[in-house]
Amino acid sequence: MAAPLTPDLGRRAFQASLLAAPLPTLAAGGPPVLLGIDGEFGLQNSTSAQAIELGVRIAVDQVNARGGVLGGRPLSIVTRDHRSIPARGIQNIAEFAAMPDLVALFGGRFSPVVIEQLPALKAAKVPFLAVWSAADAIVDNGSTPNYAFRLSLRDSLAMPFMMTRAKARGVLRVGLLLTNTAWGRSNLAAVQKYEATSKLPKVVGTAWYNWQEKSLVEPYLRLVRLGAQAILLVANDDEAATLVREMARLEPTQRVPVLSHWGITGGRFFSGAGDALPQVDFSVVQTFSFFRAPPAQLATFLASAKAHRIQRIEDIESPVGTAHAYDMTHILAKAIDLAGTTDRPAVRDALERVKFHDGLVRRYAPPFTPTRHEALGTAQLLMARYRDDGVLVPAER
């Protein structure tokens, strides 16, 4: 796992120090403009919400240093913890919506939580910025106007990409090991759509498991017995770590490559898998790596990140969450200025009209349009692996 932020300050203490930070003093232009973050802050071993908050905070520092928005109003951050529980998330939406100067809300990692929140978000008319959650239905929600914008992976990109990467490795038959949630079903739909036009690799079977399952070895072995030469895994960090530990105890001939969706990178997967990980061929899809970031944008990011105890890119846990949130915050700041107001429908409209942003993840030209609320595409996808020190790096295969 990445090195701790400081020897004497752990992740939880770091989060507490951020949340305890005073709000900016009033600027000449007026009171702070609020950005909400609704995430799984209190979920044990999760690092995703903290990564998102880190990216937002670094970008907010930069925006405020150059004068804020709307002629001098500083940006400020408000967080709420839904602990991955949809009912908590829905209550948080009501609290955020009641804040007069809140212009938009950043979501967390878990697609099932966000999908349950969609009706409340629609009713509140709060622009929702998905910087991690990948289920297609979050953006493809049928609402007009659509208040959801995503700068993140989506399942209909992730699963076909993993299928093609498996095929490139000579895999002819794959098994799907999926979480029994809306996220898992979204990924199954993505594979089925891929199969309609591509015959290889062939899906030999689909096995389901429940959230926080204590063992995944039986559904895994069922797929291997069906002839799967690789497994496409949709899991979060704890279930994936369980599977890796169980695979390491199997005979080598029973261990097939695992190509994983990126939920595992939102928590302590590396430490959970432990010494078992080097015994398993395990890779994970990503949209971004700091090791491939444009040098100029990376230097700007790191210069500001030092104030948040980030000295090098290896210090960043859950790097995609930080990078996505960082870019989205800058795009949002441009939209606020373009709207000329904190009126949420006006900010929503302006997000569709931002013409350009040169970000960490990509050059957005434009980030969004009235008919496209997805900022990323296939060109951003890559597979990554964990180094021996727990740092996630791009992989050749």
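Entry 1. I looked up aspartate 315 and found a salt bridge to arginine 312, with the closest N and O atoms 3.4 Å apart. The model is a predicted one. Aspartate 315 has a relative accessible area of 7%, so I list it as buried, the limit being under 20%.

Entry 2. I then followed arginine 312, which also forms a salt bridge with glutamate 314; there the closest N and O atoms are 3.9 Å apart. I note the cut-off of 4 Å for a salt bridge. Glutamate 314 is buried at 16% relative accessible area, whereas arginine 312 counts as partly exposed because its relative accessibility is 40%.

Entry 3. I next checked arginine 348 and aspartate 349, whose side chains meet in a salt bridge of 2.8 Å, N to O. Arginine 348 is buried, with a relative accessible area of 6%; aspartate 349, at 36%, is partly exposed.

Entry 4. I looked for the total and found 17 salt bridges in the structure. I also recorded a network of salt bridges that links Asp136, Asp140, Arg150, Arg154 and Glu374.

Entry 5. I turned to alanine 148, which lies in strand S5, residues 148-150. Is alanine 148 buried or exposed? It counts as buried, because its relative accessibility is 4%. Leaving aside residues up to four places away in sequence, I list its contacts as Phe128, Ile138, Val139, Asn141 and His373. Finally, I looked up valine 69, which is 79 residues from alanine 148 along the chain; their C-alpha atoms are separated by 22 Å.

Technical notes:
Residues are numbered from 1 along each chain as its sequence is written. This is a predicted model: local features need pLDDT of at least 70, side-chain atom pairs count only at pLDDT 80 or more; totals for chains, interfaces and linings use all residues. Side-chain values use heavy atoms; hydrogens and water are left out. Helices (H or I, at least four residues) and strands (E, at least two) are DSSP runs, numbered from the N terminus. Buried means under 20% relative accessible area, exposed over 50%, partly exposed in between (1.4 Å probe, protein chains only). Contact means heavy atoms within 4.5 Å.
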